[in-house]
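This briefing is intended to be read alongside the sequence and the coordinates. Topics are grouped so that each can be checked in turn.

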Amino acid sequence: MTSTTVSSFIDKPVVPGDVILDLSKMTDQTLKLGGGLQQDQDAITVVQAGILRFSKPNKYWIESSHKRYIPTVGDTILGIVVDQRAESFFVDIKGPMVAFLPVLAFEGGTRRNIPKFEVGTLIYARVVKANTGMNPELSCMDASGKAAEFGPLKDGYMFESSTGLSRMLLSSPTCPVLEGLGKKLAFEIAVGLNGRVWVNAEHKSSIILVANAIMNSESLTPVQQKIMVERLLDRVN
Amino acid sequence: MEQRLVNTWRMTVNEKKFIESALESELRIDGRRPFDYRRVTIKFGRFAILREDGSSEVQLGQTHVMSFVTSQLVQPYRDRPNEGTLSVFTEFSPMADPSFEVGCPSESAVELGRIIDRGLRESRAVDTESLCVVAGKWVWSIRIDLHILDNGGNLVDAANIAALAALLTFRRPECTLGGDDGQEVIMHPPEAHWVSNHHVREPLSLTIHHLPIAVTFAFIGDENMVIDPTHHEEAVMGGRMSVTLNSNGEVCAVQKAGQGVMQSVVMQCLRIVSVKAGDVTSKIKTAVESYNTERALKMVKRHAPPSKAVDVSEPGQKAKQILEGQKLKSEECSVSQSDDMDVDQVHTYIHALKELTHLRGDVFLVSKDPYSEGVNTDELKATLASCGSVAVPMKLVNLGDSIRDETKSDEPLSDVNPVSSSTDSAGKETRCC
């Protein structure tokens with residue numbers, strides 16, 4: 001087996017039409033392509049502007065920031081219940097179609113104990129099916145059937161941002177905004193990859209502060225984020 | 001059904017509860033206090049090729065509204081034969097908010113247009129009588145187009161500011177009566193490169209008596225009231241009130257929807273509005289002023305090249321002719337109304353100078369211009385500077401006198417090569433500005 005060839009575009013911005021890999025030179029490899037990439041005979045081309053990411057050994061995908069969310073299997077998202085039917089809840093996930101959340105997709109869910117959510121309930125869930133042309137399917141259980149952290153979120157405040165910001169908040173090491181805020185304030189946060197963020201804290205003023213700090217940090221560099229958070233906290237204390 | 005579910009923006013129970021409960025302790029989700037207004041940014045459009053005046057873009061927080069003002073000569077209404085018309089049109093693009101639908105205007109679109117229309121028209125903010133060209137035959141119809149580009153709440157206030165800013169910078173082409181029977185309307189193109197056989201004349205701004213500013217309140221819960229509601233607050237609110245007030249404290253329009261409020265609350269709102277209206281008025285005025293200065297500066301540059309062309313051809317004879325014509329006119333003007341004498345003289349002088357710069361030698365008679373009050377002092381200064389006058393005094397009051405002096409000093413224009421020297425001085429002037 002030949003040594004693995006890695007694209008030279010990794011972690012760089014790419015635009016639709018860029019060819020990131022030439023398959024004719026790499027015969028014995030298996031590749032896994034994520035969102036924004038397409039195989040075009042012997043070439044892997046980009047179909048969506050963004051940054052090319054690579055995960056060892058062979059996963060490639062494009063990361064970009066949008067206000068709309070295209071569901072991908074495995075993403076954790078924040079959805080809003082829109083309607084309830086006999087079989088499933090209709091959940092808005094900021095995508096092109098409403099997602100279905102089967103009434104049985106809860107821990108220990110049976111026909112007897114169907115949960116009741118009023119319209120407008122915020123739900124933290126996981127995408128389990130995302131096929132083109134079909135409504136995506138959600139689940140409030142992890143792969144082993146446990147509730148984990150999934151389920152409805154009570155109180156707090158939810159705001160919408162872009163998918164890029166959500167990714168930034170979830171990245172490791174912890175992004176400077178959350179780290180800075182976490183040092184001084186106690187708050188709970190749930191980040192959905194569909195660009196929705198839920199924040200809860202004891203005091204309403206801290207919820208507002210955290211929410212605005214996060215919303216402002218979208219276009220800032222890590223250093224700027226740090227400065228902004230410090231200034232905000234100084235003003236409060 | 002399903003597509004509809006996707007397109008409608010909805011609010012979670014959490015947000016609703018939070019906005020209401022936070023207001024109990026006088027907190028708002030964007031960090032404002034209940035009576036803080038969002039930041040207003042006013043920009044003026046420079047993207048249109050032929051018409052750069054009369055367009056504005058206003059941002060109020062996330063809300064983004066674009067406004068265009070256009071004019072057209074139309075027949076007046078029968079019952080008002082000597083008044084121009086003013087109409088407001090709204091365009092809610094689905095890009096601004098997915099809940100806006102293409103096609104027929106929604107209820108909110110009609111309401112928005114009506115509030116702005118009422119504020120402007122019924123308070124007679126725009127002088128419609130000065131838009132009359134021939135009574136009963138031709139009047140100017142002013143059309144305001146409001147495009148909502150992003151809905152971040154409080155569209156009424158943002159659209160109102162956009163409409164005012166566009167109206168303040170709008171200029172319509174000047175037109176005079178001519179032809180054989182003196183009834184033919186002659187439109188004067190605002191710029192030399194327009195294809196027309198009529199004289200170039202500076203377009204006129206509208207006469208605007210006062211600025212009616214709309215300020216919106218939202219009533220949330222039983223007792224809470226906020227000014228300038230955001231999109232989220234609008235989704236929670238039980239009632240809304242828009243008050244249109246001018247900087248003199250005169251109420252021009254009130255629009256109230258939703259839950260009932262106490263009389264005392266309404267009075268409190270009015271008091272707050274009178275303060276806010278003053279702030280917004282000054283903001284609009286500064287923005288418009290800076291735009292006008294910029295425009296005046298641009299005019300200086302644009303007029304410089306054609307005046308250089310003068311010394312290539314034979315200037316002497318024509319200049320003499322024009323100056324004679326100009327003297328004739330200034331005499332005529334001094335006979336006409338003494339109140340407007342200064343302004344009128346400036347006006348005629350400008351026409352003469354302009355013709356000189358554009359090599360249009362034919363003498364024409366200017367009838368008394370009813371719009372001379374509408375002439376912008378900045379433009380006057382700019383035009384004078386560009387035409388090679390030596391020093392332009394800053395105040396309009398002094399303009400008349402100094403121009404008389406300048407006329408004398410400019411008189412030896414018919415000498416060998418005087419125009420080029422004046423052009424040079426004009427160039428220096430421009431740089432000094």
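The model is predicted. Chain B has 433 residues, of which buried residues make up 38%. Its secondary structure comprises 11 helices and 14 strands. Of the contacts in chain B between residues at least 6 apart in sequence, 72% join residues at least 24 apart.

**Nonpolar cores**

- The largest nonpolar core contains 113 residues. Those with the most contacts inside this core are A:Val91 from chain A and, from chain B, B:Ala159, B:Ile161, B:Ala162, B:Ala163, B:Ala165 and B:Leu167.
- Helix α4 of chain B, residues 155-169, supplies the largest share of this core, with 12 residues.
- Apart from this core lies another, of 8 residues, including A:Leu21, A:Leu37, A:Tyr60 and A:Ile62.
- When neighbours within four places in sequence are left aside, the residues in contact with A:Val91 include A:Gly79, A:Ile80, A:Val81 and A:Val82. Also among them are A:Val98, A:Ala99, A:Leu101, A:Ile123 and A:Leu138.
- As a general background, nonpolar side chains in soluble globular proteins tend to be buried together.

**Helix α3 of chain B**

- Helix α3 of chain B covers residues 107-121; at 1.5 Å a residue, its 15 residues should span 21 Å, and the end C-alpha atoms are 21 Å apart, in agreement with that value.
- The buried residues of α3(B) are B:Leu112, B:Gly113, B:Ile115, B:Ile116, B:Gly119 and B:Leu120. Viewed down the axis of α3(B), its buried residues fall within an arc of 160 degrees, so they line one face of the helix.
- Exposed residues B:Glu107 and B:Val110 are carried on the face of α3(B) turned away from its buried side.
- The cover over the buried residues of α3(B) includes α4 together with the strands β4 (85-92), β11 (213-220), β13 (239-245) and β14 (251-258) of chain B.

- Strands β13(B) and β14(B) pair in the antiparallel sense over 7 bridges, with B:Val243 opposite B:Val254 in β14(B).
- These two strands, β13(B) and β14(B), form a hairpin with 5 residues between them. In the turn, B:Gly249 has a positive phi of about 85 degrees.
- B:Pro229 is placed in the loop between β12 (224-227) and α5 (231-236) of chain B. B:Pro229 counts as buried because it has 24 C-beta neighbours inside 10 Å, the cut-off being 20 or more.
- Leaving aside neighbours within four places in sequence, B:Pro229 is in contact with B:Gly153, B:Asn154, B:Thr216, B:Ala218, B:Glu234 and B:Met237.
- B:Pro229 and B:Ala159 are 70 residues apart along the chain, and their C-alpha atoms are separated by 14 Å.

**Contact between the chains**

- The contact takes 22 residues from chain A and 18 residues from chain B.
- On the side of chain B that touches chain A, α1 (2-7) and α2 (13-24) of chain B each supply at least two residues. The largest share of that side, 7 residues, comes from α2(B).

**A three-stranded sheet in chain A**

- In chain A, 3 strands form an open sheet in the order β14-β16-β15, with antiparallel pairing.
- β14 (157-160) and β15 (187-192) of chain A are the edge strands; each has a single partner strand, so one side of each is left without a neighbour in the sheet.
- From one strand to the next, the twist averages 20 degrees.
- β14(A) pairs with β16 of chain A, residues 196-201, over 4 bridges in the antiparallel sense. A:Tyr157 stands opposite A:Val199 in β16(A).
- Helix α1 of chain A, residues 163-170, packs on the sheet and touches β15 and β16 of chain A. The direction of this helix makes about 130 degrees with that of β15(A).

**Backbone features of chain A**

- The peptide bond from A:Lys56 to A:Pro57 is cis, with omega near 5 degrees. A:Pro57 is placed in the loop between β6 (50-55) and β7 (59-63) of chain A.
- The peptide bond from A:Ser172 to A:Pro173 is also cis, with omega near 0 degrees. A:Pro173 is placed in the loop between α1 and α2 (176-184) of chain A.
- A:Asp11 is not a glycine, yet has a positive phi of about 65 degrees. A:Asp11 lies in the segment before β1 (13-14) of chain A and is exposed, with 9 other C-beta atoms within 10 Å.
- A:Asp155, likewise not a glycine, has a positive phi of about 55 degrees. A:Asp155 is found in the loop between β13 (151-153) and β14 of chain A, and counts as partly exposed, with 15 C-beta neighbours inside 10 Å.

Terms used:
Residues numbered from 1 in each chain as written. Chains lettered and ligands numbered in written order. Predicted model: local features only at pLDDT ≥ 70, side-chain atom pairs only at ≥ 80, totals over all residues. Core = buried A, V, L, I, M, F, W, Y, C linked by C-beta atoms within 7 Å. Buried ≥ 20, exposed ≤ 12 C-beta atoms within 10 Å, placed from the backbone. Contact = placed C-beta atoms within 7 Å. Expected span 1.5 Å × (residues − 1). Arc of directions from axis to C-beta. Pairing = 2+ DSSP bridges. Axes fitted to C-alpha atoms, helices over the stretch in contact; angles between N-to-C directions.
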